[in-house]
Amino acid sequence: MKDETDEKMMPVPKLLQKGDDVAIVATARKVSRAEIEPAIRLYETWGLNVLLPENIYAESDQFAGSDSQRAADLQWALDNAEIKAVFCARGGYGTVRIIDQIDFSRFAGMPKWIVGYSDVTVLHSHIHATLGIPTIHATMPLNIDDDAVACRYPATESLRQLLFEGEANYRWTSGGVHNTDYRLQKTEVEGPIVGGNLSILYSLCGSASDIDTSGKILLIEDLDEYLYHIDRMMQNLRRTGKLSQIKALVVGGMTEMHDNTVPFGKTAKEIIYDTVKDYGYPVCFDAPFGHLGNENRAIALGQTISLQCNSDGSFAIQQTL
């Protein structure tokens, strides 16, 4: 198990500069040129040179080509010394099918930013568990539209700022849960932030990609899940010890949740809070991370953040790479 001293010694990818080469790679569901063209144009306005792998538009049922094709594209991007960041084209499902085919040895010696969220949590978690190298939880090319350049959306602008300036500063107010005892005394917590999509973290438990949460700030978010699934996954994290030794829990978007004909009886926030309330650490709801469209902010997982929690339900995160 790595301690915080080990983590600080791990190599951190360099900030981007104009003229850098970056790649877009599809590790999960298929994408078309039209779907990623706006992102290519946006990255070019940032001064980046966008490279595409051989199989980027391949199709195999719902996947972006076969497992071997997607693995080959990701391997190419990781091994190419000129590529300074890898943007995962989209989520969906499929990254877990190729993770064990990837050789991270060259990447370990010349780390670069891996950017994405949702299904890309497989990459975040695996890289943190095996290498301790930070990655970026942020919006992906599929989420970027033609207005992104002019509108400077929080999702894309926060990603640009983190990649080029190494800074993240966010403030938000939570609507909380129905429980009245979730309110916090004013406190500030500092530590590495890890995590990502709750369903993916749950699916990785017990594997080589399972993350260590001890002494960390845990981020979770999810989309399109039944409420009882949220409860089942939270109970799994509790029983496997992933919730007992964290410094704080940051809950991003719990978007488009579903219920059964016979209601579960709690909202997603209530399920999460009831699972962790006895641990006594801060629980921060409505954080601007996850399936939130243009509001999905960028954060470097595996890197330290300062988390400020206020008794009125407002929060702030600061991070410097």
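# Briefing: fold, salt bridges and burial in a predicted chain

Among contacts in the chain (heavy atoms within 4.5 Å) between residues at least 6 apart in sequence, 79% join residues at least 24 apart. This is a predicted model, in which local features need pLDDT of at least 70 and side-chain atom pairs count only at pLDDT 80 or more, while totals for chains, interfaces and linings use all residues. Residues are numbered from 1 along each chain as its sequence is written, and side-chain values use heavy atoms, with hydrogens and water left out.

**Overall fold**

- The chain contains 10 helices and 13 strands, taken as DSSP runs (H or I, at least four residues, for helices; E, at least two, for strands) and numbered from the N terminus.
- Its radius of gyration, taken over C-alpha atoms, is 19 Å, close to the 20 Å that the globule rule gives for 321 residues, so the chain is as compact as a globular protein of that length. The globule rule is 2.2 Å times the number of residues to the power 0.38.
- The C-alpha trace spans about 55 × 45 × 40 Å along its principal axes.

**Surface and charge**

- Of the 321 residues, 57% count as buried, where buried means under 20% relative accessible area, exposed over 50%, and partly exposed in between (1.4 Å probe, protein chains only).
- The chain exposes about 13300 Å², of which carbon and sulfur atoms supply 45%; areas come from the Shrake-Rupley method with a 1.4 Å probe, and for residues only the protein chains shown count as cover.
- There are 29 positive and 43 negative side chains, and the centres of the two sets lie 3 Å apart. Lys and Arg count as positive and Asp and Glu as negative, with His and the chain ends not counted; each charge is placed at NZ of Lys, CZ of Arg, CG of Asp or CD of Glu.

**Salt bridges**

- The structure holds 14 salt bridges, each defined as a side-chain nitrogen of Lys or Arg within 4 Å of a carboxyl oxygen of Asp or Glu.
- One of them pairs Glu-59 with Lys-30, with the closest N and O atoms 3.6 Å apart. Glu-59 lies in the loop between strand 2 (49–51) and helix 3 (67–79), and Lys-30 in the loop between strand 1 (21–25) and helix 2 (33–45), so the pair ties together parts that are 29 residues apart in sequence. Glu-59 is exposed at a relative accessible area of 58%, and Lys-30 is partly exposed at 33%.
- Arg-97 and Asp-67 form another, with their closest N and O atoms 3.0 Å apart. This pair links distant parts of the chain, 30 residues apart: Arg-97 is in the loop between strand 3 (83–88) and helix 4 (105–109), and Asp-67 is in helix 3. Arg-97 is partly exposed at 41% relative accessibility, whereas Asp-67 is buried at 19%.
- Within helix 2, Glu-37 and Arg-41 are 4 residues apart, or about one helical turn, and their side chains meet in a salt bridge of 3.5 Å, N to O. Arg-41 is partly exposed, at 38% relative accessibility.
- A network of salt bridges links Arg-33, Glu-37, Arg-41 and Asp-146.

- Ser-105 is found in helix 4 and is partly exposed, at 48% relative accessibility. The C-alpha atoms of Ser-105 and Leu-78 are separated by 9.4 Å, with the two residues 27 apart along the chain.
- Helix 5 (residues 121–130) is mostly covered, with 8 of its 10 residues buried. The buried residues include Val-122, Leu-123 and Ile-127.
- Just after helix 5, Gly-132 takes a positive phi of about 70°.
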